[in-house]
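Here is a short report for a reader meeting this structure for the first time. Please keep the sequence and the view at hand while reading.

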Amino acid sequence: MENDLITYSQVFKDMENDYFNGVHRNTTRKRSRDISSDQNSFKRCFLDIFDKVKDWDSYVTWEGIKEALYSPLQDGSSPVGHKDFKNRYYRLRQVAERAGCKKALEKLEKIDPTQTVFAESQSIDLDTLLSLLDKERNTDYRSVTDNNARDGWCWVSAMCTLYGLRPSEVAAGQNLTKAITVDGITFPAVSDPNNLELVLVIGEFTYFGGSTKTGWRLAIPMSKDKTLINRLGIHNVCLPITESKDPSKFNDNHRKWLERHDWGFTQTYAFQHLGNQLGEMNGIPQEIRARSFGHSVAVNDSKYKKRRHLATELGILTRHQRQPLPLDMGKQALINIGINPDLPEVKAILRAIYQLDD
């Protein structure tokens with residue numbers, strides 16, 4: 001007897017209970033069957049793999065695990081080397097471990113689940129984005145619904161770029177159209193044209209009930225260039241309303257809109273990666289960028305560099321000499337062009353730029 005005759009159904013139920021009795025990986029929030037994001041995550045990470053087992057009432061065996069592991073992808077191709085295969089491998093290995101299926105564990109030990117097939121990472125540069133936004137905003141679709149969708153998804157695209165956000169995180173913005181106070185600190189509305197700092201308060205949940213990936217946090221714009229902010233239309237808040245409670249629907253609607261309007265790419269993370277490069281171009285330290293994006297420096301250092309856009313990369317490299325100078329170097333630069341840094345009016349300027357005390 002290779003196991004204790006435990007059925008797939010028993011194992012799957014135990015794994016489901018463990019999942020919902022656990023906490024959110026990033027926020028440590030207690031998971032709940034009543035939260036759509038948790039339901040969706042369970043389906044994506046567990047149930048979609050469990051469903052590849054044809055007979056849940058049968059006992060866990062190597063043959064059943066093997067069939068689920070090598071089940072063809074939707075296009076009929078082999079899953080080996082794909083991310084889906086890696087995910088199946090580790091989840092089905094958990095099944096074998098829980099069932100005490102030694103034969104399956106021995107077989108799995110000899111399989112290499114390493115991902116070798118990757119989708120091409122799409123990217124976009126700032127000039128192209130601005131051209132697309134201009135084109136869309138100057139197009140009248142002669143339908144209130146279509147024009148509203150145009151305004152909404154253009155604004156979401158601009159927000160994702162300026163803040164380096166996931167689309168659903170825009171839908172979790174707490175101070176988009178009204179100021180809010182948190183721990184005694186007031187954050188002006190993004191829609192306020194006098195709001196120059198543009199700190200965005202991102203809640204743990206979107207307006208439609210989905211939880212954000214990294215929970216509550218503050219995000220800052222990757223540029224404070226007024227011309228760029230106005231060109232992006234950041235103050236003209238126009239949040240699309242998605243009726244579905246499915247947390248992925250908002251992102252899906254954004255992606256489908258990009259596809260229908262021939263933007264040349266459908267991976268909405270392209271905006272997020274452009275935001276990272278925009279921050280780098282403007283001299284924002286990687287630690288600050290990572291904190292604003294809601295992940296670690298290691299992720300920022302590894303993931304984003306895989307999507308570098310050549311035009312933006314060139315801008316980063318060629319503009320490095322135009323980054324702000326340290327105070328002493330700034331004073332010396334003034335002296336070099338014949339300006340006395342000790343003049344009262346010059347001192348006032350330096351105090352403002354370098355935020356010095358009197």
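## Charges over rings

The charged end of Arg31 sits over the ring of Tyr19, at 3.9 Å from the ring centre. Arg91 does likewise with another ring: its charged end sits over Phe46, 3.9 Å from the centre. These positions come from a predicted model.

Both rings belong to one aromatic cluster. Its members are Tyr8, Phe12, Tyr19, Phe20, Phe42, Phe46, Phe50 and Trp56.

## Aromatic pairs

How many aromatic pairs are there, counting rings whose centres lie within 6.5 Å? The count is 20. Take Phe20 and Phe42. Their ring centres are 5.4 Å apart and their planes meet at 45°, so this pair is tilted. Phe20 lies in helix H1 (residues 8-20), while Phe42 lies in helix H2 (residues 36-50); the pair therefore ties together parts that are 22 residues apart in sequence. Phe20 and Phe42 are buried.

Tyr89 and Tyr90 give another geometry. Their ring centres are 5.0 Å apart with planes at 90°, so the pair is edge-to-face. Are these two residues buried or partly exposed? Tyr89 is buried, with a relative accessible area of 2%. Tyr90 is partly exposed, at 47%.

## Helix H4

Helix H4 covers residues 83-99, 17 residues in total. At 1.5 Å a residue, H4 should span 24 Å. Its end C-alpha atoms are 25 Å apart, which agrees.

Which residues of H4 are buried? They are Phe85, Arg88, Tyr89, Leu92, Val95, Ala96 and Ala99. Seen down the axis of H4, the buried residues fall within an arc of 130°, so they line one face of the helix. They pack against H1, H2, helix H3 (62-69) and helix H5 (102-109). Just after H4 comes Gly100, with a positive phi of about 65°.

The largest nonpolar core holds 42 residues. Which of them touch the most other members? They are Leu129, Met159, Tyr163, Leu200, Leu232, Ile234 and Trp263. Several elements give two or more residues to this core: helix H6 (126-137), helix H7 (144-163), strand E3 (200-202), helix H9 (226-232), helix H10 (249-260) and helix H11 (269-281). H7 provides the largest share, nine residues.

Leaving aside residues up to four places away in sequence, Met159 touches Gly164, Leu165, Val170, Leu176, Leu200 and Ile234. There is also a second, separate core of 26 residues. It includes Phe50, Val53, Leu69 and Cys101.

Lys52 is placed in the loop between H2 and H3. It is partly exposed, with a relative accessible area of 25%. Not counting residues up to four places away in sequence, Lys52 touches Ala68, Ser71, Asp84 and Arg88. Lys52 and Pro72 are 20 residues apart along the chain, and their C-alpha atoms are separated by 9.8 Å.

Ala189 is found in the loop between strand E2 (185-187) and E3. Ala189 is buried, at 8% relative accessible area. Its contacts, not counting residues up to four places away in sequence, are Asn175, Leu176, Thr177, Lys178, Ala179 and Asn195. Ala189 and Val201 are twelve residues apart in sequence, with 9.6 Å between their C-alpha atoms.

## Positive phi outside glycine

Thr28 has a positive phi of about 65°, although it is not a glycine. It lies in the loop between H1 and H2. Is Thr28 buried or exposed? Thr28 counts as exposed, at 58% relative accessibility.

Asp262 also has a positive phi, near 55°, and is a residue other than glycine. Its place is in the loop between H10 and H11. At 66% relative accessibility, Asp262 counts as exposed.

## The whole chain

The chain has 16 helices and four strands. Of its 358 residues, 42% count as buried. Consider contacts between residues at least 6 apart in sequence: 65% of these join residues at least 24 apart.

Notes: Residues are numbered from 1 along each chain as its sequence is written. This is a predicted model: local features need pLDDT of at least 70, side-chain atom pairs count only at pLDDT 80 or more; totals for chains, interfaces and linings use all residues. Side-chain values use heavy atoms; hydrogens and water are left out. Rings of Phe, Tyr and Trp (its six-membered ring) pair if their centres lie within 6.5 Å; planes under 30 degrees apart count as stacked, over 60 as edge-to-face and the rest as tilted. Buried means under 20% relative accessible area, exposed over 50%, partly exposed in between (1.4 Å probe, protein chains only). A charge sits over a ring if NZ of Lys or CZ of Arg is within 6 Å of the ring centre and within 35 degrees of the ring normal. The expected span of a helix is 1.5 Å times one less than its number of residues. The arc is that of the directions from the helix axis to the C-beta atoms. Contact means heavy atoms within 4.5 Å. A nonpolar core is a set of buried Ala, Val, Leu, Ile, Met, Phe, Trp, Tyr and Cys residues joined through side-chain atoms within 4.5 Å.
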